[in-house]
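Have a look at the model first, then read on.

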Amino acid sequence: MDFELPEELRILKATLRRFVDNELIPIERETTDGEKLKPQYLERFERRAKELGIWQLDVPTEYGGGGMSTLARAVVWEELARTIAIPARGEGITGPSARGILYSLQGEMKENFMQLMVATDRTKGSRGGISCFIVDMDAPGVKLGACYETMMGDKPWEIVLEDVRVPASHRVGAEGEGMRFGQQWLNIGRVKHGARALGVAERCIEMATSYAKQRSTFGRLLAERQAVQWMLADMFIELQAARLLVYQTATRLDQGEEAREDAYVAKYYADEMAFKAADQCMQIHGGIALTTDLPIEKMWRQQRSYRITEGASEVMKMVIARHVLKTYS
């Protein structure tokens, strides 16, 4: 088993590392307005994404995109997550993404829609009881409800459905196949969660180590204190383990293998690991980490939210436990 990235991905990773270090990190506190890139930076970064070969990385080549493998995308997501210059959520700088469901749709169903999972047979639950529909956002009865301000800076909206009629022709696949479609998309999303977590943890280790080598308290550098050394060691060990989990899951998905449990484990472990790394980085820095002069507080807030979104950590452990009980006697 080869634990090394292919040469072309090692080159891509090194190229993106230079891009992030030289062009993004130096200006990372001035590029966004809330959770949106300012127009002048968006234009510049999108131009660079095209030059770097990561534009529309998740869109198949037959649709005009980069057609990158899941592992290649994981490398990109990992490296870009080392900076807060790019919003953690949303399209980022790699262009409009094409959601997985688009490749299952025909004709007008590809335009102006909401993806909706519906319980069509509650007696079957998730095993054949959930169907996927495409709902026109302009349909009668569809309206926006409350807009929520989050600690991460983004603003999700509540969507209200009142007596909305959806034609059977807008069902995606057969009745009861909703979870089958959903799992395909969620696996990729969980790899993205894990890959982002790798980048966050890597940056936190970099910042914590650099600060520990400079900051003295009571006549000794923080780097000389065992309590700090052990935090750095834990961060490093857990990052290595998480990277193997994420890369393995991405590789299995690229090979067309069933990797649902791998995705659960990678998402759970990497998200928990990165939040712990951000928290320990904050602890090592002390009070200065609580200011907005450093990116630590923003990484901490974002990473805390990822322990909830796309499957809370408790849900991940629940399904992992179910797998363990089924597999082992």
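## The nonpolar patch

Strand 6 (residues 157-161) supplies the largest share of the nonpolar surface patch, namely three residues. The patch as a whole is made up of Leu 144, Trp 157, Ile 159 and Leu 161, and together they have about 390 Å² of accessible area. Leu 144 sits in strand 5 (residues 142-147). Helices here are DSSP runs of H or I with at least four residues, strands are runs of E with at least two, and both are numbered from the N terminus.

A word on the ground rules: this is a predicted model, where local features need pLDDT of at least 70, side-chain atom pairs count only at pLDDT 80 or more, and totals for chains, interfaces and linings use all residues. Residues are numbered from 1 along each chain as its sequence is written, and side-chain values use heavy atoms, with hydrogens and water left out. Patch members need over 30% relative accessible area and no salt bridge; like charges are joined within 9 Å, and nonpolar side chains (Val, Leu, Ile, Met, Phe, Trp, Tyr) within 5 Å. Accessible areas come from the Shrake-Rupley method with a 1.4 Å probe, and for residues only the protein chains shown count as cover.

## The positive patch

Which residues gather in a patch of positive charge on the surface? They are Arg 127, Arg 260, Arg 322 and Lys 326.

Arg 127 belongs to the loop between strand 3 (113-119) and strand 4 (130-136). With 72% relative accessibility, Arg 127 is exposed (buried means under 20% relative accessible area, exposed over 50%, and partly exposed in between, with a 1.4 Å probe and protein chains only).

## Salt bridges

In total, the structure has 25 salt bridges, meaning a side-chain nitrogen of Lys or Arg within 4 Å of a carboxyl oxygen of Asp or Glu. One of them pairs Arg 17 with Glu 206 at 3.7 Å, N to O. Arg 17 is in helix 1 (residues 7-24) and Glu 206 in helix 4 (residues 178-214), so this contact ties together parts 189 residues apart in sequence. Glu 206 is partly exposed, at 29% relative accessible area. Then there's Arg 29 with Glu 297, whose closest N and O atoms are 2.6 Å apart. Arg 29 is partly exposed at 36%, whereas Glu 297 is buried at 11%.

Arg 252 and Asp 262 make another salt bridge, with 2.7 Å between the closest N and O atoms. Arg 252 is in helix 5 (residues 226-254) and Asp 262 in helix 6 (residues 260-285), ten residues apart. Arg 252 comes out as partly exposed at 24%, and Asp 262 as buried at 15%. Shared partners also join salt bridges into one network: Lys 13, Arg 17, Asp 21, Glu 78, Glu 79, Arg 82, Glu 202, Glu 206 and Arg 243.

## Cysteines

Cys 281 is buried at 0% relative accessibility, and Cys 132 is buried with a relative accessible area of 0%.

## Backbone angles and a distance

Most residues other than glycine have a negative phi. Gln 56, though, has a positive phi near 45°. Gln 56 lies in the loop between helix 2 (39-52) and helix 3 (70-80), and it is buried at 19%. Asp 163 has a positive phi too, of about 55°. Asp 163 sits in the loop between strand 6 and strand 7 (171-172) and is exposed, at 78% relative accessibility.

Finally, a distance to check in the viewer: Gln 240 and Pro 295 are 22 Å apart, C-alpha to C-alpha, and 55 residues apart in sequence. Gln 240 is part of helix 5 and is partly exposed at 31%.

Key
Lys, Arg positive; Asp, Glu negative; His and termini not counted. Charge placed at Lys NZ, Arg CZ, Asp CG, Glu CD.
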